[in-house]
Amino acid sequence: MSDGGGTTIGRDRQAPPPLPDPLPLPVPDNHTHVDIARDGEPRPDLGEVIRQARAVGVDRLMQIGCDLEAARWTVEQAVLHPEVLGGVALHPNEVPALHEAGELQAAYAEIERLAQHPRVRVVGETGLDYFRTGPEGHALQHESFRWHIDLAKRLGKALQIHDRDSHEDVLRILAEEGAPEVTVMHCFSGDMAMARECVDRGYYLSFSGTVTFKSAKALRDALSIVPLGRVLVETDAPYLTPHPYRGATNAPYLVPLTLRAMATTLNVDVPTLCRAVSDNAERIYGGWA
(Lines give C-alpha, C1' and ligand atoms only; values in the text may rest on other atoms or scores of the structure.)
Protein backbone atom coordinates (compact mmCIF):
# COMPACT_ATOMS: atom_id res chain seq x y z
CA MET A 1 0.00 0.00 0.00
CA SER A 2 1.46 3.34 -0.98
CA ASP A 3 0.82 6.91 0.02
CA GLY A 4 1.45 8.42 -3.41
CA GLY A 5 -0.74 9.81 -6.11
CA GLY A 6 0.76 13.19 -6.79
CA THR A 7 -1.21 16.27 -7.60
CA THR A 8 -4.03 16.93 -9.99
CA ILE A 9 -3.70 19.74 -12.49
CA GLY A 10 -6.73 21.22 -14.17
CA ARG A 11 -9.27 18.60 -13.16
CA ASP A 12 -11.57 17.71 -10.27
CA ARG A 13 -10.11 14.74 -8.42
CA GLN A 14 -13.61 13.73 -7.37
CA ALA A 15 -14.56 13.05 -10.98
CA PRO A 16 -13.49 9.47 -11.75
CA PRO A 17 -11.41 8.98 -14.89
CA PRO A 18 -13.29 7.54 -17.88
CA LEU A 19 -12.92 3.90 -18.86
CA PRO A 20 -9.90 3.47 -21.16
CA ASP A 21 -9.99 1.48 -24.37
CA PRO A 22 -10.29 -2.24 -23.55
CA LEU A 23 -7.24 -4.45 -23.72
CA PRO A 24 -7.14 -7.03 -26.51
CA LEU A 25 -6.56 -9.88 -24.05
CA PRO A 26 -7.54 -10.21 -20.36
CA VAL A 27 -5.04 -9.46 -17.61
CA PRO A 28 -5.10 -9.44 -13.78
CA ASP A 29 -4.47 -6.52 -11.45
CA ASN A 30 -1.62 -7.96 -9.39
CA HIS A 31 -2.17 -5.71 -6.35
CA THR A 32 -5.17 -3.62 -5.32
CA HIS A 33 -6.86 -2.44 -2.12
CA VAL A 34 -10.61 -2.35 -2.73
CA ASP A 35 -11.13 -2.20 1.03
CA ILE A 36 -9.61 1.29 1.26
CA ALA A 37 -11.77 4.41 0.99
CA ARG A 38 -9.61 7.38 0.07
CA ASP A 39 -9.91 10.81 1.70
CA GLY A 40 -13.42 10.41 3.05
CA GLU A 41 -14.84 8.74 -0.05
CA PRO A 42 -17.13 5.74 0.50
CA ARG A 43 -15.57 2.30 0.24
CA PRO A 44 -15.78 1.14 -3.37
CA ASP A 45 -18.51 -1.36 -4.21
CA LEU A 46 -16.59 -4.49 -5.10
CA GLY A 47 -19.23 -5.71 -7.54
CA GLU A 48 -19.01 -2.42 -9.46
CA VAL A 49 -15.21 -2.49 -9.31
CA ILE A 50 -15.25 -5.95 -10.89
CA ARG A 51 -17.79 -4.90 -13.54
CA GLN A 52 -15.80 -1.85 -14.62
CA ALA A 53 -12.54 -3.78 -14.66
CA ARG A 54 -13.98 -6.61 -16.75
CA ALA A 55 -15.34 -4.06 -19.24
CA VAL A 56 -11.77 -3.07 -20.15
CA GLY A 57 -10.18 -6.54 -20.00
CA VAL A 58 -9.04 -6.68 -16.37
CA ASP A 59 -10.77 -9.89 -15.36
CA ARG A 60 -8.89 -10.91 -12.19
CA LEU A 61 -7.98 -9.02 -9.02
CA MET A 62 -5.42 -9.74 -6.32
CA GLN A 63 -6.96 -7.98 -3.32
CA ILE A 64 -4.42 -7.23 -0.61
CA GLY A 65 -5.46 -6.79 3.01
CA CYS A 66 -2.66 -5.39 5.14
CA ASP A 67 -4.21 -4.93 8.56
CA LEU A 68 -6.43 -7.32 10.50
CA GLU A 69 -9.75 -5.81 9.47
CA ALA A 70 -8.71 -5.66 5.82
CA ALA A 71 -7.31 -9.20 5.93
CA ARG A 72 -10.62 -10.58 7.26
CA TRP A 73 -12.57 -8.66 4.61
CA THR A 74 -10.22 -9.87 1.89
CA VAL A 75 -10.83 -13.52 2.72
CA GLU A 76 -14.60 -12.97 2.82
CA GLN A 77 -14.63 -11.31 -0.60
CA ALA A 78 -12.32 -13.85 -2.20
CA VAL A 79 -14.84 -16.54 -1.20
CA LEU A 80 -17.77 -14.58 -2.62
CA HIS A 81 -16.22 -13.46 -5.93
CA PRO A 82 -14.45 -15.86 -8.32
CA GLU A 83 -12.64 -12.89 -9.89
CA VAL A 84 -10.86 -12.17 -6.59
CA LEU A 85 -7.95 -13.85 -4.86
CA GLY A 86 -6.39 -12.53 -1.68
CA GLY A 87 -3.20 -11.61 0.06
CA VAL A 88 -2.95 -10.99 3.81
CA ALA A 89 -0.21 -9.59 6.04
CA LEU A 90 0.62 -6.88 8.52
CA HIS A 91 1.87 -3.85 6.60
CA PRO A 92 5.25 -2.74 7.96
CA ASN A 93 3.77 0.56 9.14
CA GLU A 94 1.18 -1.33 11.23
CA VAL A 95 3.74 -3.30 13.19
CA PRO A 96 5.16 -0.68 15.61
CA ALA A 97 1.68 0.37 16.78
CA LEU A 98 0.60 -3.23 17.31
CA HIS A 99 3.77 -3.90 19.27
CA GLU A 100 3.25 -0.84 21.44
CA ALA A 101 -0.33 -1.94 22.19
CA GLY A 102 0.83 -5.43 23.15
CA GLU A 103 -1.18 -6.94 20.29
CA LEU A 104 1.49 -7.96 17.79
CA GLN A 105 1.73 -11.67 18.64
CA ALA A 106 -2.05 -12.08 18.54
CA ALA A 107 -2.11 -10.27 15.18
CA TYR A 108 0.56 -12.63 13.81
CA ALA A 109 -1.54 -15.60 14.91
CA GLU A 110 -4.62 -14.31 13.11
CA ILE A 111 -2.70 -13.49 9.93
CA GLU A 112 -1.27 -17.00 9.93
CA ARG A 113 -4.76 -18.47 10.30
CA LEU A 114 -6.19 -16.33 7.50
CA ALA A 115 -3.23 -17.01 5.21
CA GLN A 116 -4.03 -20.72 5.25
CA HIS A 117 -7.33 -20.16 3.44
CA PRO A 118 -7.22 -21.69 -0.07
CA ARG A 119 -8.42 -18.43 -1.67
CA VAL A 120 -5.45 -16.60 -0.13
CA ARG A 121 -2.47 -17.05 -2.44
CA VAL A 122 -0.20 -14.27 -1.15
CA VAL A 123 1.55 -13.44 2.09
CA GLY A 124 1.85 -9.69 1.76
CA GLU A 125 2.27 -6.98 1.51
CA THR A 126 5.17 -7.15 3.90
CA GLY A 127 8.60 -5.59 3.87
CA LEU A 128 10.07 -2.30 5.02
CA ASP A 129 8.93 1.31 4.94
CA TYR A 130 11.43 3.95 6.03
CA PHE A 131 9.24 6.81 4.77
CA ARG A 132 6.41 6.53 7.31
CA THR A 133 8.29 4.78 10.10
CA GLY A 134 11.43 6.35 11.58
CA PRO A 135 14.60 4.62 12.76
CA GLU A 136 13.03 3.75 16.11
CA GLY A 137 10.68 1.35 14.32
CA HIS A 138 13.12 -0.27 11.90
CA ALA A 139 14.10 -3.21 14.10
CA LEU A 140 10.44 -4.16 14.57
CA GLN A 141 9.85 -3.95 10.83
CA HIS A 142 12.86 -6.19 10.21
CA GLU A 143 11.53 -8.75 12.67
CA SER A 144 8.08 -8.65 11.10
CA PHE A 145 9.49 -8.98 7.58
CA ARG A 146 11.45 -12.07 8.61
CA TRP A 147 8.32 -13.55 10.22
CA HIS A 148 6.29 -13.06 7.02
CA ILE A 149 9.07 -14.55 4.87
CA ASP A 150 9.03 -17.63 7.06
CA LEU A 151 5.24 -17.83 6.91
CA ALA A 152 5.22 -17.71 3.10
CA LYS A 153 7.78 -20.50 2.96
CA ARG A 154 5.94 -22.66 5.49
CA LEU A 155 2.64 -22.28 3.63
CA GLY A 156 4.14 -22.49 0.14
CA LYS A 157 2.58 -19.17 -0.91
CA ALA A 158 3.88 -16.21 -2.87
CA LEU A 159 5.42 -13.28 -1.01
CA GLN A 160 4.56 -9.72 -2.06
CA ILE A 161 7.01 -7.12 -0.83
CA HIS A 162 6.52 -3.47 0.09
CA ASP A 163 9.77 -1.53 -0.26
CA ARG A 164 9.78 2.20 0.39
CA ASP A 165 13.12 3.95 0.82
CA SER A 166 14.58 0.64 2.03
CA HIS A 167 16.04 -1.15 -1.01
CA GLU A 168 19.32 -2.34 0.52
CA ASP A 169 17.76 -3.74 3.68
CA VAL A 170 14.95 -5.47 1.79
CA LEU A 171 17.41 -7.27 -0.46
CA ARG A 172 19.74 -8.05 2.44
CA ILE A 173 17.01 -9.60 4.61
CA LEU A 174 15.66 -11.65 1.71
CA ALA A 175 19.18 -13.00 1.13
CA GLU A 176 19.72 -13.72 4.81
CA GLU A 177 16.41 -15.51 5.30
CA GLY A 178 16.25 -17.16 1.90
CA ALA A 179 13.40 -15.86 -0.25
CA PRO A 180 10.31 -17.99 -0.85
CA GLU A 181 10.15 -19.83 -4.15
CA VAL A 182 7.87 -17.07 -5.50
CA THR A 183 8.77 -13.51 -4.49
CA VAL A 184 7.11 -10.44 -6.00
CA MET A 185 8.44 -6.90 -5.67
CA HIS A 186 5.14 -5.02 -5.44
CA CYS A 187 5.12 -1.51 -6.95
CA PHE A 188 8.76 -1.81 -7.93
CA SER A 189 10.59 1.46 -7.33
CA GLY A 190 14.26 0.61 -7.76
CA ASP A 191 16.77 1.47 -10.46
CA MET A 192 18.24 -0.66 -13.25
CA ALA A 193 20.88 -2.19 -10.98
CA MET A 194 18.25 -3.29 -8.46
CA ALA A 195 16.03 -4.63 -11.24
CA ARG A 196 18.91 -6.73 -12.56
CA GLU A 197 19.62 -8.10 -9.10
CA CYS A 198 15.97 -8.99 -8.55
CA VAL A 199 15.78 -10.72 -11.93
CA ASP A 200 19.02 -12.60 -11.21
CA ARG A 201 17.51 -13.80 -7.93
CA GLY A 202 14.38 -15.02 -9.72
CA TYR A 203 11.97 -12.44 -8.32
CA TYR A 204 8.98 -11.02 -10.18
CA LEU A 205 8.68 -7.25 -10.59
CA SER A 206 5.24 -5.63 -10.53
CA PHE A 207 4.81 -2.11 -11.92
CA SER A 208 2.11 0.40 -11.04
CA GLY A 209 0.94 3.71 -12.46
CA THR A 210 4.16 5.35 -11.30
CA VAL A 211 5.85 3.99 -14.42
CA THR A 212 3.68 6.35 -16.51
CA PHE A 213 4.72 9.51 -14.64
CA LYS A 214 6.75 11.99 -16.70
CA SER A 215 9.35 12.15 -13.94
CA ALA A 216 9.83 8.35 -13.84
CA LYS A 217 12.46 7.83 -16.56
CA ALA A 218 14.69 5.89 -14.15
CA LEU A 219 11.82 3.52 -13.37
CA ARG A 220 11.11 3.00 -17.07
CA ASP A 221 14.81 2.27 -17.58
CA ALA A 222 14.54 -0.37 -14.85
CA LEU A 223 11.46 -1.89 -16.49
CA SER A 224 13.22 -2.02 -19.85
CA ILE A 225 15.61 -4.75 -18.70
CA VAL A 226 12.99 -7.01 -17.03
CA PRO A 227 12.25 -10.18 -19.05
CA LEU A 228 8.63 -10.70 -20.04
CA GLY A 229 8.56 -13.85 -17.92
CA ARG A 230 9.17 -11.79 -14.76
CA VAL A 231 6.87 -8.79 -15.19
CA LEU A 232 3.47 -8.00 -13.66
CA VAL A 233 1.12 -5.00 -13.69
CA GLU A 234 -0.86 -3.54 -10.80
CA THR A 235 -2.77 -0.49 -9.65
CA ASP A 236 -2.07 -0.32 -5.89
CA ALA A 237 -5.52 1.31 -5.96
CA PRO A 238 -6.76 3.66 -4.68
CA TYR A 239 -3.29 5.22 -5.01
CA LEU A 240 -0.76 5.80 -7.81
CA THR A 241 -3.24 6.56 -10.58
CA PRO A 242 -1.52 6.52 -13.97
CA HIS A 243 -0.98 9.52 -16.22
CA PRO A 244 -2.95 11.52 -17.37
CA TYR A 245 -5.17 11.12 -14.28
CA ARG A 246 -2.47 11.32 -11.62
CA GLY A 247 -4.05 12.44 -8.36
CA ALA A 248 -7.47 10.94 -9.07
CA THR A 249 -8.63 7.90 -7.14
CA ASN A 250 -7.21 4.80 -8.78
CA ALA A 251 -9.15 1.61 -9.57
CA PRO A 252 -8.45 -1.68 -11.37
CA TYR A 253 -10.17 -0.50 -14.57
CA LEU A 254 -7.21 1.85 -15.14
CA VAL A 255 -4.71 -1.02 -15.56
CA PRO A 256 -4.83 -0.62 -19.38
CA LEU A 257 -3.19 2.81 -19.15
CA THR A 258 -0.23 1.39 -17.24
CA LEU A 259 0.05 -1.75 -19.33
CA ARG A 260 0.12 0.19 -22.61
CA ALA A 261 2.87 2.44 -21.26
CA MET A 262 4.80 -0.63 -20.15
CA ALA A 263 4.48 -2.19 -23.60
CA THR A 264 6.03 0.90 -25.14
CA THR A 265 8.95 0.80 -22.69
CA LEU A 266 9.49 -2.92 -23.27
CA ASN A 267 9.19 -2.47 -27.05
CA VAL A 268 6.55 -5.18 -27.40
CA ASP A 269 3.01 -5.05 -28.70
CA VAL A 270 0.14 -4.87 -26.25
CA PRO A 271 -1.23 -8.40 -26.88
CA THR A 272 2.24 -9.87 -26.22
CA LEU A 273 2.49 -8.08 -22.89
CA CYS A 274 -1.08 -9.05 -21.96
CA ARG A 275 -0.27 -12.70 -22.53
CA ALA A 276 2.95 -12.45 -20.55
CA VAL A 277 1.51 -10.82 -17.44
CA SER A 278 -1.52 -13.12 -17.48
CA ASP A 279 0.63 -16.23 -17.83
CA ASN A 280 2.98 -15.02 -15.09
CA ALA A 281 0.11 -14.42 -12.67
CA GLU A 282 -1.45 -17.82 -13.34
CA ARG A 283 1.93 -19.48 -12.86
CA ILE A 284 2.50 -17.62 -9.56
CA TYR A 285 -0.96 -17.82 -8.00
CA GLY A 286 -2.79 -20.61 -9.82
CA GLY A 287 -6.21 -20.13 -11.37
CA TRP A 288 -8.70 -17.67 -9.96
CA ALA A 289 -11.97 -19.52 -10.53
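Me: In which helix is K153 found?
Reply: The model is predicted: local features need pLDDT of at least 70 and side-chain atom pairs count only at pLDDT 80 or more, whereas totals for chains, interfaces and linings use all residues. Residues are numbered from 1 along each chain as its sequence is written, and side-chain values use heavy atoms, leaving out hydrogens and water. A helix is a DSSP run of H or I of at least four residues, numbered from the N terminus. K153 belongs to helix α5.

Me: What does K153 count as, given its relative accessibility?
Reply: Buried means under 20% relative accessible area, exposed over 50%, and partly exposed in between (1.4 Å probe, protein chains only). K153 has 38% relative accessibility, so K153 counts as partly exposed.

Me: How are α5 and α6 oriented to each other?
Reply: The axes (lines fitted to C-alpha atoms over the stretch in contact, with angles from 0 to 180 degrees between N-to-C directions) of α5 and α6 come within 10 Å and cross at roughly 45°. Angles under 35 degrees count as roughly parallel, over 145 as roughly antiparallel, 65 to 115 as roughly perpendicular and the rest as oblique. The two helices, α5 and α6, are therefore oblique.

Me: How many disulfides does a search of the whole structure find?
Reply: A disulfide requires two cysteine sulfur atoms within 2.5 Å. The sulfur closest to that of C187 is in C66, 13 Å away and therefore too far for a bond. For C198, the closest cysteine sulfur is that of C187, also at 13 Å and too far for a bond. Over the whole structure, the number of disulfides found is 0.
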